[in-house]
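Welcome! Let's take a friendly walk through this protein, one topic at a time. Have the model open beside you as you read.

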Amino acid sequence: MKKFILAAALLSATALSAAAQTSAPATTTPSTSAPATSTDGNTPAVASPETTNPTAPVEGANSFTEDQAKTRIQEAGYTDVKDLKKDDKGIWMAAGMKDGKSVMISMDYQGNVVAK
């Protein structure tokens, strides 16, 4: 009788363990869609061109070179980009033009380009 109870307890523990493993969401499944943005700035290092982090510009270690930053800003539709400098928070800042208006432009380490 004791062997039966022990076997039943082991079987129950194994079943619960297996159920817990299969009910957890998969976090390592690769995705072909763009990464989702969040309001807390906790997004991947590089944003896709179709998305912008809603809290941009986000502070962080910026690995874009000056030429890469200028190119990305120009690809976002800004012209006459000048005075491009990276500040102490890792954000590229510049002056430029868009739609005939003078604007201040920021580009963060994620590649988000925003105008003020």
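Let's begin inside the sheet, where Ile105 stands opposite Ala115 in E4. This is a predicted model, and the protein in it has two helices and four strands. Read along the sequence, these follow the pattern α-α-β-β-β-β.

**The sheet**

- The four strands form an open sheet in the order E1-E2-E3-E4, with antiparallel pairing.
- At the edges of this sheet are E1 (79–86) and E4 (113–115), each of which pairs on one side only.
- From one strand to the next, the twist averages 25°.

**Strand by strand**

- E1 and E2 (residues 92–98) run antiparallel and are joined by four bridges. One place to look is Lys82, whose bridge partner in E2 is Ala95.
- How many bridges join E2 to E3? There are seven, and these two strands run antiparallel.
- Ala94 has Ile105 in E3 as its bridge partner.

- The hairpin of E3 and E4 has five residues between the strands. In this hairpin, Gly111 takes a positive phi near 90°.

**The helix across the sheet**

- Which strands does helix H2 lie across? H2 (residues 66–75) lies across E1, E2, E3 (101–107) and E4.
- The angle at which H2 runs to E1 is about 140°.

**The nonpolar core**

- The largest nonpolar core has twelve residues in all. Among them are Phe64, Ala69, Ile73, Tyr78, Val81 and Leu84.
- Other members of this core include Trp92, Ala94, Val103, Ile105, Met107 and Val113.
- H2, E1, E2 and E3 each supply at least two residues of this core, and E3 gives the most, with three residues.
- In soluble globular proteins, nonpolar side chains tend to be buried together.
- Val103, one of the core residues, touches Tyr78, Ala94, Ala95, Gly96, Met97, Lys98, Ala115 and Lys116, leaving aside residues up to four places away in sequence.

*Ala115*

- Ala115 is found in strand E4.
- Is Ala115 buried or partly exposed? Ala115 counts as partly exposed because its relative accessibility is 39%.
- Not counting residues up to four places away in sequence, Ala115 touches Tyr78, Val103, Met104 and Ile105.
- The C-alpha atoms of Ala115 and Met93 are separated by 9.7 Å, and these residues are 22 residues apart along the chain.

*Ser106*

- Ser106 lies in strand E3.
- Ser106 counts as buried because its relative accessible area is 1%, and buried means under 20%.
- Its contacts, not counting residues up to four places away in sequence, are Pro57, Ile91, Trp92, Met93, Asn112, Val113, Val114 and Lys116.
- Between the C-alpha atoms of Ser106 and Ala94, which are twelve residues apart along the chain, the separation is 6.6 Å.

*Asn62*

- Where does Asn62 lie? Asn62 lies in the loop between helix H1 (2–23) and H2.
- Asn62 is buried, and its relative accessible area is 10%.
- A polar atom of the Asn62 side chain lies 2.8 Å from the backbone oxygen of Gly90.
- Asn62 touches Lys86, Gly90, Trp92, Met107, Asp108 and Tyr109, again not counting residues up to four places away in sequence.

**The protein as a whole**

- The protein has 116 residues, and buried residues make up 27% of them.

Conventions. Residues are numbered from 1 along each chain as its sequence is written. This is a predicted model: local features need pLDDT of at least 70, side-chain atom pairs count only at pLDDT 80 or more; totals for chains, interfaces and linings use all residues. Side-chain values use heavy atoms; hydrogens and water are left out. Two strands pair if DSSP finds at least two bridges between them. Axes are lines fitted to C-alpha atoms, for helices over the stretch in contact, and angles run from 0 to 180 degrees between N-to-C directions. Contact means heavy atoms within 4.5 Å. Buried means under 20% relative accessible area, exposed over 50%, partly exposed in between (1.4 Å probe, protein chains only). A polar contact is a pair of N or O atoms within 3.5 Å; within protein, one must be able to donate a hydrogen and the other to accept it, and residues adjacent in sequence count only if both atoms are side-chain atoms. A nonpolar core is a set of buried Ala, Val, Leu, Ile, Met, Phe, Trp, Tyr and Cys residues joined through side-chain atoms within 4.5 Å.
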